[in-house]
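Subject: Structure for you to look at

Hi,

Here is the structure I promised to pass on.

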Amino acid sequence: MSAGGAFGGNRGVRPVPPEKGVFPLDHLHECDLEKKDYLSCLKSTGFQSEKCRLFSKKYLECRMERNLMAKQDMSELGFRIVDEVDISPDKEQQTGEPS
């Protein structure tokens with residue numbers, strides 16, 4: 001017989017979760033509202049995730065605030081700060097504000 005678990009694993013050795021990609025489930029439903037908002041946005045836009053980025057961001061922020069995932073800068077997750085978005089020349093002319 002081999003020493004180890006039923007499927008060849010080592011007994012008593014605690015598994016280590018991966019750093020990214022898998023995070024704790026929201027068993028207490030702390031971010032259900034944000035999740036439902038995001039899912040309803042996806043359904044209403046024909047599952048075009050780009051149109052639901054605001055809801056996605058709010059959901060991820062909720063998970064980070066409640067330690068359901070590692071805290072990261074939102075720019076590392078593909079979100080930009082609104083203040084840093086360039087204003088196109090057309091918008092400047094419409095508002096009458098110089099650059």
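Let's start with a cysteine pair: the link of Cys41 and Cys52 is left-handed, with -90° about the S-S bond. Cys41 sits in helix H1 and Cys52 in the loop between H1 and H2, so this pair ties together parts that are 11 residues apart in sequence. The two sulfurs are 2.1 Å apart, which makes the pair a disulfide (a pair of cysteine sulfur atoms within 2.5 Å). Both ends are buried, Cys41 with a relative accessible area of 9% and Cys52 with 0%. By "buried" I mean under 20% relative accessible area, by "exposed" over 50%, and by "partly exposed" anything in between (1.4 Å probe, protein chains only).

Before going further, a word on where this comes from: it is a predicted model, in which local features need pLDDT of at least 70 and side-chain atom pairs count only at pLDDT 80 or more, while totals for chains, interfaces and linings use all residues. Residues are numbered from 1 along each chain as its sequence is written, and side-chain values use heavy atoms, with hydrogens and water left out.

The disulfide count comes to two. The other one joins Cys31 to Cys62, with 2.0 Å from S to S. Cys31 lies in the segment before helix H1 (32-44) and Cys62 in helix H2 (residues 53-65), so the link ties together parts that are 31 residues apart in sequence. This link is left-handed too, at -95° about the S-S bond, and both Cys31 and Cys62 are buried. Counting bonded cysteines along the chain, the pattern is 1-4, 2-3.

As for the fold, there are three helices and zero strands, giving α-α-α along the sequence. Helices (H or I, at least four residues) and strands (E, at least two) are DSSP runs, numbered from the N terminus. UniProt, in an unreviewed entry, lists residues 31-65 as "domain: CHCH"; its positions are given in the numbering used here, feature names are shortened, and annotations may be inferred rather than shown by experiment. Over residues 31-65 the chain is 74% helix and 0% strand, and the end C-alpha atoms are 10 Å apart. Across the 99 residues of the protein, 16% are buried.

Now the charged pairs. The structure holds four salt bridges (a side-chain nitrogen of Lys or Arg within 4 Å of a carboxyl oxygen of Asp or Glu). One of them pairs Arg66 with Glu30 at 3.8 Å, N to O. Arg66 is in the loop between H2 and H3 and Glu30 in the segment before H1, so the pair ties together parts that are 36 residues apart in sequence. Arg66 is partly exposed at 33% relative accessibility, and Glu30 is partly exposed at 33%. Arg66 also meets Glu65 in a salt bridge (3.4 Å, N to O), and Glu65 is exposed at 58%. Another salt bridge joins Arg53 and Glu50 at 3.6 Å, N to O; Arg53 is partly exposed at 29%, whereas Glu50 is exposed at 58%.

Last one: Glu76 is found in the loop between H2 and helix H3 (89-95), and is exposed with a relative accessible area of 56%.

Cheers
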